[in-house]
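Work through the following exercises with the sequence and the model side by side, and try each task before reading its solution.

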Amino acid sequence: MIIAIDGPAGSGKSTVAKLVAKQLKYRYIDTGAMYRSVAWAAQKKGLDLADETAMAEIAENLHIEFVPSEDGQLVLVDGENATTYLKNETVGKGAATVAAQKSVRETLVARQRQIGEAGNVVMDGRDIGTVVFPKSDKKFFFVADAEERGRRRYEELKAKNPSLDLNIIIKEIRQRDYEDCNRKISPLVKADDALEVDTTRLNIEEVTDHVLKNINNL
Ligand code: C5P
């Protein structure tokens, strides 16, 4: 069984995918964390993220591991616990840059397929239902107003950075939407057979319930 959850930044997909996986006792794979890992490793080395050859080499050689933990899961990058670093907005922006590159995508998509082949997985991202697993058993496409998605990001990040500006975050969310929806390779788009879920006015429990009910009615 493969469950695909796609959608833009801040639509709630990672939080819900994690909870759905926990309920079903499936593995949860955060594909965004894989693109973030490539960006993070490159930024640490001071490389130019626009250098496609260098990014392809990093993607090819990077060891990314998902390890279940008490509060979800840890991401180990070449053995280092990178979970907190990967949430950083600079890393997120970098991820969108490397995610637009053909060879980076080919490498990571191949790995995602390999992981998914074992079955019983909830995978979230931008292209899971369209490219990675077009034959997923269930596909969801989450959407939410940009203002609400910005507010969620703001709440998530402000504890660590009290000087954050909500309007700047909303602007960044819109910019990310634009990049993800307009890139040439695997742009963010709803699969024809995906169920659209507007999470703007729903809380996490409501969205999780909705998804689980839909899966159980298969
Ligand atoms: O979901 P998250 O914000 O962690 O993803 C970071 C970036 O990685 C996205 O903005 C997108 O550009 C890219 N991404 C992608 N395909 C995926 C997952 C993430 O292109 N399956």
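A residue is called buried under 20% relative accessible area, exposed over 50% and partly exposed in between, using a 1.4 Å probe and protein chains only. Helices (H or I, at least four residues) and strands (E, at least two) are DSSP runs, numbered from the N terminus. This is a predicted model, in which local features need pLDDT of at least 70, side-chain atom pairs count only at pLDDT 80 or more, and totals for chains, interfaces and linings use all residues. Residues are numbered from 1 along each chain as its sequence is written, and side-chain values use heavy atoms, with hydrogens and water left out.

**Exercise 1.** Determine which residues of helix 5 are buried and what covers them.

Solution. Begin with residues 89-98, where V91, G92, G94, A95, A96 and V98 are the buried ones. Next, look for contacts, meaning heavy atoms within 4.5 Å: the cover includes helix 2 (31-44), helix 3 (52-61), helix 4 (83-86), helix 6 (102-117) and helix 9 (166-182).

**Exercise 2.** Describe how strand 3 and strand 4 are arranged.

Solution. Strands pair if DSSP finds at least two bridges between them; strand 3 (residues 64-69) and strand 4 (residues 72-77) have six, in the antiparallel sense. One of these bridges joins S69 to G72, and the two strands form a hairpin with two residues between them.

**Exercise 3.** Find the aromatic pair and state what it ties together.

Solution. Rings of Phe, Tyr and Trp (its six-membered ring) pair if their centres lie within 6.5 Å, and planes under 30 degrees apart count as stacked, over 60 as edge-to-face and the rest as tilted. This rule gives one aromatic pair: W40 and Y85, stacked at 5.5 Å centre to centre with 10° between the planes. Because W40 lies in helix 2 and Y85 in helix 4, the pair ties together parts that are 45 residues apart in sequence. Finally, W40 is buried at 8% relative accessibility, whereas Y85 is partly exposed, with a relative accessible area of 45%.
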